[in-house]
Amino acid sequence: AAGPPVIEAAPIRIPVCYGGDFGPDLEEVARLADLTPAEAIARHAGSIYRVFMLGFSPGFAYMGTVDSRIAAPRRATPRVKVPAGSVGIAGRQTGIYPTETPGGWMLIGRTPVRPFDPARAQPFLFQAGDAIQFYAIDADAFHQASSAPDGTRG
């Protein structure tokens with residue numbers, strides 16, 4: 001007997017301001033892939049990721065699988081402070097740092113979305129199995145969304 005039908009929900013869309021101060025490692029990820037930064041962004045935003053699991057810090061979702069061209073090693077020296085909302089790549093996984101923590105992932109952008117907010121009725125934005133798709137925004141849109149009262153979804 002077949003199991004229950006699988007109902008695919010639309011991906012959760014997450015806005016990301018890529019590069020510059022928001023993604024200080026984007027140039028390095030692009031260089032390692034022999035791509036332009038715009039091509040690296042297109043590859044990151046052009047995939048739908050699955051949340052494999054939550055861990056490391058509250059709400060940190062390990063997602064995959066990153067396009068093999070932009071898969072990148074962890075930094076040789078982790079940063080002492082990674083800003084909340086930073087979007088990173090480590091190997092074939094991508095993720096969003098939900099709070100300011102140390103971290104060694106290659107940072108390619110930042111989102112105004114808060115993956116973890118203990119004040120919300122549902123503190124965790126993501127659950128294992130969720131589908132996630134990133135999309136590019138500019139710095140103005142980032143700052144506008146950051147000042148919105150509820151930065152849960154793009």
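Helices (at least four residues) and strands (at least two) are DSSP runs, numbered from the N terminus. The exercises below concern a predicted model.

**Exercise 1.** Determine how many helices and strands the protein has, and in which order the elements run.

*Solution.* Step 1: counting the secondary structure gives three helices and nine strands. Step 2: reading from the N terminus, the order is β-α-α-β-β-β-β-β-β-β-β-α. Step 3: the radius of gyration is 15 Å, close to the 15 Å given by the globule rule for 154 residues, so the protein is as compact as a globular protein of that length.

**Exercise 2.** Describe the extent, the burial and the surface of the protein.

*Solution.* Step 1: the C-alpha trace spans about 50 × 40 × 25 Å along its principal axes. Step 2: of the 154 residues, 46% count as buried. Step 3: the accessible surface amounts to about 7900 Å², and carbon and sulfur atoms account for 56% of this area.

**Exercise 3.** State what share of the contacts between residues at least 6 apart in sequence joins residues at least 24 apart.

*Solution.* Among these contacts, the share is 66%.

**Exercise 4.** Locate Ser47, decide whether Ser47 is buried or exposed, and name the residues that Ser47 touches beyond four places away in sequence.

*Solution.* Step 1: Ser47 lies in the loop between helix H2 (37–45) and strand S2 (48–54). Step 2: a residue is buried when its relative accessible area is under 20%. Step 3: the relative accessibility of Ser47 is 17%, and therefore Ser47 counts as buried. Step 4: leaving out residues up to four places away in sequence, Ser47 touches Ile132 and Gln133.

Definitions and conventions: Residues are numbered from 1 along each chain as its sequence is written. This is a predicted model: local features need pLDDT of at least 70, side-chain atom pairs count only at pLDDT 80 or more; totals for chains, interfaces and linings use all residues. Side-chain values use heavy atoms; hydrogens and water are left out. The radius of gyration is taken over C-alpha atoms; the globule rule is 2.2 Å times the number of residues to the power 0.38. Buried means under 20% relative accessible area, exposed over 50%, partly exposed in between (1.4 Å probe, protein chains only). Contact means heavy atoms within 4.5 Å. Accessible areas come from the Shrake-Rupley method with a 1.4 Å probe; for residues, only the protein chains shown count as cover.
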